[in-house]
Amino acid sequence: MTHAMLKGSNVPLEAATVRAVLRWTPGQGVPDVDVSALLLGLDGRVRSDEDFVFYNQPRHPSGKARWLGKKRVADGLTDTIQTDLAGVEAGVSRILLVASAEDVTFDRVQGLRILLYDAAVTGGEPLIHFDIKPQTGRETALICGELYRRGEVWKFRALGEGYSNGLKGLATEFGISVDESEAAAELGQAQSAATVLAPEVSQPLPPEQPTAVPVQPTYGYPQQPPATQPAYGYPQPAAAAAAGTQSGYGYPPAVTSAPDPDFRLPPQGPQFIRP
């Protein structure tokens, strides 16, 4: 039988290995939700960054806490953390089960619920479930509940405590060192790339050079260059001769040799004799 939890209530767990399943209802504008676990020492803080189990660090070094990933089920989407309570180190006093949504508030997440199963029982009913209601709706990270020791017994307490500064803020509060250098390096690389690309983008284009258009011959006759092209299709002897090229329409070029000094005009006819 499944035990429905109220905020602040707690219940002992008999299962040696617990599978904590975070479930929500997907839809338009609903953010993707991630589950994670923080293993806290006796002082209420993580002993090292390795005590943070999530999608980028899916397995605790002890092997006793693991992120199992997301699934689509009939009731929505799930994200799961599994913990072997019987094998958890004595230096761990509590395990926080956390839900987070990157830069999106939980007022847009519907049907948020955490369910705890006995991992040794396949297909069994959940041991407990807790419906999580954000207090303000502006939270971007929530502590859904905690697994904690009382002597030799492990218990679960329903919490639903929210953080408005996301998983980063929550993790920092419990001793996780958030390294800003990687984000700064990525930003610097992006700015450097923009600087390199900027001159290339803003460089004015060179003026276009005129492109010579070949002149096709008219009616199969060869054409001369534009500077020596005869007007209206008639040959220009002087221009053709000066260019040393064929005049238009296949006529030979004009003779350009010097005049013969011995040349004489023939006698003039009687039409030039005055009466």
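Modeller: Two strands pair if DSSP finds at least two bridges between them, and a strand is a DSSP run (E, at least two residues), numbered from the N terminus. This is a predicted model, in which local features need pLDDT of at least 70, side-chain atom pairs count only at pLDDT 80 or more, and totals for chains, interfaces and linings use all residues. Residues are numbered from 1 along each chain as its sequence is written, and side-chain values use heavy atoms, without hydrogens and water.

Colleague: Why are S2 and S12 said to pair?

Modeller: Four bridges join S2 (residues 10-13) to S12 (residues 153-163), and the definition asks for at least two, so they pair. Their sense is antiparallel, and Pro12 stands opposite Lys155 in S12.

Colleague: What joins S11 to S12?

Modeller: Nine bridges do, and S11 (residues 141-150) runs antiparallel to S12. Gly145 stands opposite Ala158 in S12. In their hairpin, with two residues between the strands, Gly151 takes a positive phi near 70°.

Colleague: What makes a set of residues a nonpolar core?

Modeller: Its members are buried Ala, Val, Leu, Ile, Met, Phe, Trp, Tyr and Cys residues joined through side-chain atoms within 4.5 Å; buried means under 20% relative accessible area (1.4 Å probe, protein chains only). The largest such core has 37 residues, and Leu22, Ile95 and Phe156 are among those that touch the most other members. Strand S3 (residues 17-25) gives the largest share, four residues. Apart from this core lies another, of 16 residues, including Leu40 and Phe54.

Key
Buried means under 20% relative accessible area, exposed over 50%, partly exposed in between (1.4 Å probe, protein chains only).
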